[in-house]
Amino acid sequence: MSLEKVVFGFFVLLAATLNLGFFIGDISNPKLHNVYELFAAVVVSLIATVLKFGDRTQIGAVHLATSLVADLQLIAAALLWAWATQISSAGLDAEAMAGVVSLSGGALLANLVSVVLLVIETTTFHRR
């Protein structure tokens, strides 16, 4: 068993599960979406992206692309949350929260594609 592959798989799955945990719930209700969970999803997604930089294969390139998409969407969601709570006079209303959750939903889709790629890569691996 390769420790590198365990750590890689761990962070890919953790990014997806944290993202899912934030995404679940009424899209416009801020009480159902924890800002710390969004922060954790952003941090873990960035760590997963760094771990994907070393792979020079075609599937590695797609892994990296999915991770970059998830990062972009999660960072945009975090910035929208910060804007709504710190700058906007309306505050974190239903409209702003729907935008944050929608962006995290896009990141969730990218994370799910990454998990599917990980499963495919694992099932097609042949020991030498």
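H4 gives the largest share of the lining of the largest pocket, 4 residues. This is a predicted model, where local features need pLDDT of at least 70, side-chain atom pairs count only at pLDDT 80 or more, and totals for chains, interfaces and linings use all residues. Numbering runs from 1 along each chain as its sequence is written, and side-chain values use heavy atoms, with hydrogens and water left out.

Me: What volume does the largest pocket have?
Reply: The volume is the space filled by probe spheres set on grid points, joined across faces, edges and corners. For the largest pocket that comes to about 640 Å³.

Me: Of the residues that line the largest pocket, which are the closest to its centre?
Reply: There are 16 residues in that lining. The closest to the centre are Lys5, Phe8, Leu118, Glu121 and Thr122.

Me: How many of the residues of the chain count as buried, in percent?
Reply: Buried means under 20% relative accessible area (1.4 Å probe, protein chains only). Out of 128 residues, the buried share is 35%.

Me: What share of the contacts with a separation of 6 or more comes from residues 24 or more positions apart?
Reply: A contact means heavy atoms within 4.5 Å. Along the sequence the pattern is α-α-α-α. In this chain, the share from residues 24 or more positions apart is 70%.

Definitions and conventions: Helix = DSSP H or I, 4+ residues; strand = E, 2+ residues; numbered from the N terminus. Buried < 20%, exposed > 50% of the residue type's maximum accessible area, 1.4 Å probe, protein only. 1 Å grid on protein atoms, 1.4 Å probe; cavity = no way out; pocket = protein on both sides within 12 Å on 5 of 7 lines; lining within 4 Å.
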